[in-house]
Structures are given as structure tokens and as C-alpha cells.
Amino acid sequence: MEFDRRVQIRVDRLKDGKRTRGFGSGYLVAPRLVLTAAHVLDDLDPDAGEPVTVSLPDTGEREFSAVVRWQRTDGAVDAALIEIADGQDNWQVPQSLRDLLTQPPQRYGLIIGTRPLPVTATGFPRMQKDAEDGRRLDEQLTGLIAPGTGALAGRYEISSTDPTPGTGATGGSRWSGMSGATVLADDGFGGDLLCGVIRRDRRADGGTRLTATTATSLFADDAFRALIKEHTGWEPVLEPIEPAHLLTPATVDRNFRSPAALLRADTGAVTFHGRDTELAGLHAWCENGPPSISIRVVTGPGGQGKTRLARRLTDTLSRHGWATGHLRSDLTDDPALDGTPPDFTTLNTALPLLLVVDYAETRPRLLRRLITHLHRSRHRVRLLLLARSDGEWRTGSLQAIPAVRDLLEEAPLTPLAPLIPTSQPTEDRHSAYHRAVGDLARLLPLVPTLSAHDWPSLAVELRSPADLHDHRYDNVLTLQMTALVDLLQHGPRPVNVAPGTPPERTLLKHEDRFWEASAKTPAHRLDLDASTLGATVAIAALCGATTPEEAVRVITTLPGLPGHRRPPPRTGWPPCTPPMETATGAPSNPTASLSTTPPASSRMAPSRCPPSSQQALPCSRHRPSPSWPAPPSPTTTPAAPPTATASSTPSTQPWTPHPSPTRPSRAPPARSHTPPVSQQPSP
């Protein structure tokens, strides 16, 4: 819980001709937006100058005027959103809410299991009213939510046996004033998931029993979600609470250490666009069919949009009563450091469950353990597997029980077609390019390694490539990478490349600056020449390591690395940038580095690599199991791209882009001759 977000709410009331002063608790979910209980705002005095005020008790007692933006009171919901009015001096945005560009301000959760869940809530109840000066002091309640209590009424009930002070007064509830406090649960990593809002005190005979509106009920209201997005810039998403330690957060921090980080699927830097047909098919698969487990496989080359499509599906279904999530990418076939396998029992739920496993081909044994657990469920379970291609990772036995083998072997396969195939008008690709340019330009100022520049203005001036009809742009990552490279090359610090250089090569030259700058920082003090640093990064990427000791053994394999530059086991190396993949799915970074430093790579001793060295992606969290071959190398024989229409029959040929012809220069023309950039969402 972020204590600096707690607020006190005071209201001027008029009821039955009597004017009174009301009080409640609240929590900032955005810099100027407070979540509270709706009944706190009942009977507002229309003649009061400022009927609703908000104060931050951590910074002082000054009251700031606020307006009600959303309010709902019914059997399921007792909640409201109030906005701090603009133009008021000295309103101090809490420190935990000052960065909305790189961090989601608040995560939201729903309880999916049947076991009591520990939660906490902090507010300003009557029992904490100071007897001398009348100030409302804070109270942190810790308790349990038993999911089977209050479920028929659509609410949570928080019970606690913690001792509470007396109010010193007769009548009324000692918890009066706690209404509007938010209920938070732990995500297993020290983060908070907001799962409810305090409503009423049930005045238990022993201990405490408070009711709360569920976040699930709040998210069912489109106006609530729209207002949260308006104030934060982030689409709010519901996440299952109990299995949060197994799942990737629905909204991840946008830590753009380098330009290439903007291309990661999980950051969502470019707004999702299209895929209506694919989404409709996946929705039908989830909603229809028997209420038991069903598996589906979506295949496609790296950068085709598999992860973004799956993320869109999970985000949508989470608003309609489903428990959804993406299995953490660092859960692999490799055993954990303590040797214990993941505990999947927290996935047990009576709610319909959709679970996504990305890079399924790299962790076939973990996949079988997961299915072994899920197939026992008596409720609707949908398991969506994302992979570069089909193969023995799916059809092999691997000592799985017959039921699991059958589920995998019978799972339908759907190759993901290009987002904008060549059969569509070229204008569609030009629009997609400009949407990508606009979205990326808005986030480029967050990349600390780039010089300050007016990127949005440059985005308006930039021309789209003349060769967007080429087959290589079937891959949406290639199109977005081209947009990013064009921005960088027309920015203040372009790199020297020959005409026609593929965009991934150009982007790698920009990444070189990040690596060199990181290596020279006081935290690393490597100060290696570019060639040695490139070879070091490539070897580390291709071999991989699961422990600091393994990392040192891999790094010291590099011939010619000075002894004083060899880090001890606890010394960190520069943070890893996300892998840049060509449309073939092959990594660009290691291949480019090793091709330019063959002597170093050829002298590398394979025996020095750890057992987990079958790593296919540079600096990636996704490592194939040692028992299975790595994805295709850059030398894969080119083949025709997939057709525009998805088929249930998997492709048997690897796919690579067509050769890149020399592209004409696209220096920005005069602004008066440039059409405006489309503001529609981007792929």
C-alpha cells in the first residue's frame, strides 16, 4: 500500500432541512482522481460553495475542492470517483503517482479461489478521532476475505479479530469514516492489487466484519474504466490474485533503457489495431464448447503479433467474468534454484479460466506438468499456446499421462496470418506505419540514451516507405521496426549505414551506443572496446546462464578479456536490452556480433557453456529446453510467406522475409506538403 495516496473526504450535506458535515476515506488511483464509496457523497448540499473537499493528511490539513465524476449505488456497487479540481495551488501529487508514463499507477485484482485471502485496508475511522483536537488519525486493518461469504450478494466481507480501541461515545459504528478505503491484496512480489472498496460495517458480535464492493463489479462498468484510462493513460485490467506469482503482470513497467525496448510486445508501445476476425474466433472458442479443458495452438514467426493478440484476448475476457493470465516467461523446464517445481494449485477456480503460454515450444515439460494439473478441473479451462512453429514439443510423449498427450496431439493449430497482407490496399500499410510512427514518437523522450528532440513533430513530417507493398512488411514487427529506425535516422544522432541496410542492422548500431555507455558506467566499469564488448554480449546471449557463477564462467570463456575486467560472481553486467528479431524469428544481435568477430567466437570452448546454453534469443527470458532444438538460425532457407487466410493445417516450412531491396531516401518534406498523421490506433 502507498500511504501517500490515502485521502480524507469531507462533504457538506443537506437532509430533511438540516445541514451536516460528512466524512469518509478515499484512495488516489491517479494524480487527481480519488476512489471512494458512493454513500460518502449522499445528500450533497447544492448551495454549498465547495460541497466536496479532499485533503492529504500526510502533507497537511488543507482541503482541496473536488467534483464527482462517476457515482454508482446499487446492490452490487457502492463506489464513486471524484476529481480534484484544476487551478488549485499547492496540490501535491504523491510521489508514488508522479510517473505515469513508465509505470501503471495501480493494478487491480479479483479473487478466483475458495480459500481465505489476507488483505489490508487503511482509512480514517471514527475510533481514531483524536479526543483533544478532533483530527482523524489513520487505522490499518488487516483481515481475511473468505470468498464463500457474501458471494451471492456480489460483495466481499472482510473479517478481523484484531483488537480495536473504543470510541468513547454511544451509538454509531466505531468504523464510521472508514467507508471508501481501498482493499488491497499482495501479488507475491510485494506489489498491491486493488480488489475492493469498503462499504459498510456489519457490527459483528466479536471482532470486525466489513463489506466491500468488488473490483470485478467496478470493471463491469464501462464508464468507470474509461475514466481511469482518461486520468492515467493506462487501460485498467483485472488480474487473478492468488496465482499472481505465476503470471506476468497485465500491465508492465515501460522501462525503455534503449530504443529497441519500445518494440517489446509486453510494453504495448504501439496501440493494438485490427485482428477482429482472429479475436472473434478465439472468443468463440473460449465461450463455446464443453465446460472442461480445451487447448489451442497459434503459430507464427517472431514479430507476427501472437503475444499482442493473446494479450488483447485476455484483457477483454477479464472484464466479462473470466480469470485470465499469461504464464511467467521465466518459468521454464529448468528446475528452480531450490529444486521445487511451480505450484499450480493457485490456478484452481470455479471461474472460467484462460491461460496463455508464450514460447510454448521452449518449455514442453513444464507445459505437460501444467496440463496435468489443469485437466482435472471440473470447470471451463482454455489453454492458448503460442509458438514459432509446430513440432515434437507438442506431439512428443515426454512421459506425460495419456490424457495429457491426447489433449496436446488433438489441439487445433492456427497459423497467424499477416496483420496487413499484400492482398489488402497498400494504403492500409501506410496508415499502420504512420500510426506506429506517432505512437513511438510519443514514447521516445522516455529513452534516457537519446538526445532531447521534438519527436512528435518529426513524426508528423516523416514520409512512409515507398516499398511498403513488399512481402517483408507482412511481419508487423518489421513495419514497426522500420518506423522506429526512420525516426532515429531523422533525429539528432543518426548512425552511418549504407543505403538499403535492413532496419534491424541499423537499429543494432543505435543499440551499440547503449551498450557502450552502459559498460562505462560506475556500476560496471568495463570500458571495453566495441568489438570485444560486442563479442561478449553475443556469447552471453547465446550461452545464457541461470546463476551469477554460471554467468562468470560464460563471460570468462571469451579469449583476450583482461583479467581485471572479469567480474566476480556478484558483479552485475549491463542490463539486457530486449531481443531484436528479424521476421525469421532469428536473433540479430548475436549473429551480427559473431559475424564481425569470428576469431573470438571460434576460440570459444563449448564445454564452458552451462547446461542451459541452448539459448536462442539474445538476453531473452525464453530459453528452449536442452532437450529440444533451438529455433531456426539465420541461415534457414527462405520460403514463401504464409497466405493471408489462417488455416487449421500447420505450415511445414520455415518462413523468412524476401530480400530487402535498396530503399529510397525519405528525408522529411516541407511540413506544408505533408498530410497529417492518422490518430487511429496502431497494430
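Modeller: Gln71 is found in strand S5, residues 64-73, where strands (E, at least two residues) and helices (H or I, at least four) are DSSP runs numbered from the N terminus. This is a predicted model, in which local features need pLDDT of at least 70 and side-chain atom pairs count only at pLDDT 80 or more, while totals for chains, interfaces and linings use all residues. Residues are numbered from 1 along each chain as its sequence is written, and side-chain values use heavy atoms, with hydrogens and water left out.

With a relative accessibility of 38%, Gln71 counts as partly exposed, a class that lies between buried (under 20% relative accessible area) and exposed (over 50%), with a 1.4 Å probe and protein chains only. Although 34 residues separate Gln71 from Ala37 in sequence, their C-alpha atoms are 8.5 Å apart in space. If neighbours within four places in sequence are set aside, the residues in contact with Gln71 are Ala38, Leu41, Asp42, Ala79 and Ala80, contact meaning heavy atoms within 4.5 Å. Ala38 also takes part through its backbone, as its backbone oxygen lies 3.1 Å from a polar atom of the Gln71 side chain; a polar contact is a pair of N or O atoms within 3.5 Å, and within protein one must be able to donate a hydrogen and the other to accept it, with sequence-adjacent residues counting only if both atoms are side-chain atoms.

To set this residue within the whole, the protein chain has 15 helices and 19 strands, and 52% of its 683 residues count as buried. Of the contacts in the protein chain between residues at least 6 apart in sequence, 73% join residues at least 24 apart.

Thr267 has its place in the loop between strand S14 (238-240) and helix H3, and with 4% relative accessibility Thr267 counts as buried. Not counting residues up to four places away in sequence, Thr267 touches Val252, Arg254, Phe256, Ala261 and Leu262.

Helix H3 itself (residues 276-287) meets helix H4 (residues 306-318), and their axes come within 11 Å and cross at roughly 50°; axes are lines fitted to C-alpha atoms, for helices over the stretch in contact, with angles running from 0 to 180 degrees between N-to-C directions. On the side of H3 the contact is made by Glu278, Leu279, Leu282, His283, Cys286 and Glu287, and on the side of H4 by Leu309, Arg312, Leu313, Thr316 and Leu317.

Another helix pair is formed by H8 (residues 426-443) and H10, whose axes come within 9 Å and cross at roughly 55°. That angle makes H8 oblique to H10. In this pairing, Arg429, Ala432, Tyr433, Ala436, Val437, Leu440 and Ala441 of H8 meet Leu479, Gln480, Thr482, Ala483, Leu484, Asp486 and Leu487 of H10. Ala436, which has its place in H8, counts as buried at 0% relative accessibility. The C-alpha atoms of Ala436 and Gln480 are 6.0 Å apart in space, although the two residues are 44 apart in sequence.

Helix H10 covers residues 476-489, and 13 of its 14 residues are buried, leaving this helix mostly covered. Its N-terminal end is capped by Asn475, a side-chain oxygen of which lies 3.1 Å from the backbone nitrogen of Leu477.

As for accessibility, Leu398 is partly exposed, with a relative accessible area of 24%, whereas Gln399 is exposed, with a relative accessible area of 80%.

Note on methods
Expected span 1.5 Å × (residues − 1). Parallel < 35°, antiparallel > 145°, perpendicular 65-115°, else oblique.
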